[in-house]
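The sequence and structure come first.

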Amino acid sequence: MKKQHKQAAIDNLEARFSGSQGSFLVNFQGMSVAHLKALRFELETKGGSLKVAKNRLARIALKDVTSCQGLEELLVGQLAYVFAQGEVTSVAKVLVDFAKKNDKLKVVAGCSESKIYDAKKVAVLASLPSREVLLSQLCGVLNAPVIMFALSIKAVAEQKAAQAE
């Protein structure tokens, strides 16, 4: 690889690491191209992308990314880099579910909001509900007192109407 190609790859990785909501390291040693293509397709539907690059180039790219400090120590083996442009939990769920179906894929680590997650914490992150589910639960909690108040007023009105008859 020529020097300018290497620099372009480093700049690309640095931009992806710094511009994403979250990043994950996955070991894909032994996976077929068809499985990698299927994983890429699933990730794209959830706002994620997969990039295969040399660990040495990724290590250089991570030097200037402050949100993923400490991740460069985990760059060992045949790794792919997954970037979440949208929801981090959705991308983590895709990775964990795909790893359950395909024993060749192993989630190594992840980072989001300047926090480093090991494989177990990524699995916990994947088990969190999506943003839409959390928002609907919040709306239900906020609406519950209003609904109970309205039902109480209605019951009092019905009781007074029954006494008046």
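## Basis

The model is predicted, so local features need pLDDT of at least 70 and side-chain atom pairs count only at pLDDT 80 or more, while totals for chains, interfaces and linings use all residues. Residues are numbered from 1 along each chain as its sequence is written, and side-chain values use heavy atoms, with hydrogens and water left out.

## Aromatic pairs

A search of the whole structure finds two aromatic pairs, where rings of Phe, Tyr and Trp (its six-membered ring) pair if their centres lie within 6.5 Å, and planes over 60 degrees apart count as edge-to-face. F17 and Y81 are edge-to-face, at 6.0 Å centre to centre with 70° between the planes; F17 lies in helix 1 and Y81 in strand 3 (residues 79–84), 64 residues apart. Helices (H or I, at least four residues) and strands (E, at least two) are DSSP runs, numbered from the N terminus.

F17 and F83 are also edge-to-face, at 5.0 Å and 80°, and ring pairs link F17, Y81 and F83 into a cluster. F17 is buried at 1% relative accessible area, and Y81 is buried at 0%, buried meaning under 20% (1.4 Å probe, protein chains only).

## Helix crossing

The axes of helix 4 (residues 88–101) and helix 5 (residues 119–127) come within 7 Å and cross at roughly 115°; axes are lines fitted to C-alpha atoms, for helices over the stretch in contact (heavy atoms within 4.5 Å), and angles run from 0 to 180 degrees between N-to-C directions. The contact involves residues including A92 and V96 of helix 4 and V122 and L125 of helix 5.

Note on methods:
Rings of Phe, Tyr and Trp (its six-membered ring) pair if their centres lie within 6.5 Å; planes under 30 degrees apart count as stacked, over 60 as edge-to-face and the rest as tilted. Buried means under 20% relative accessible area, exposed over 50%, partly exposed in between (1.4 Å probe, protein chains only).
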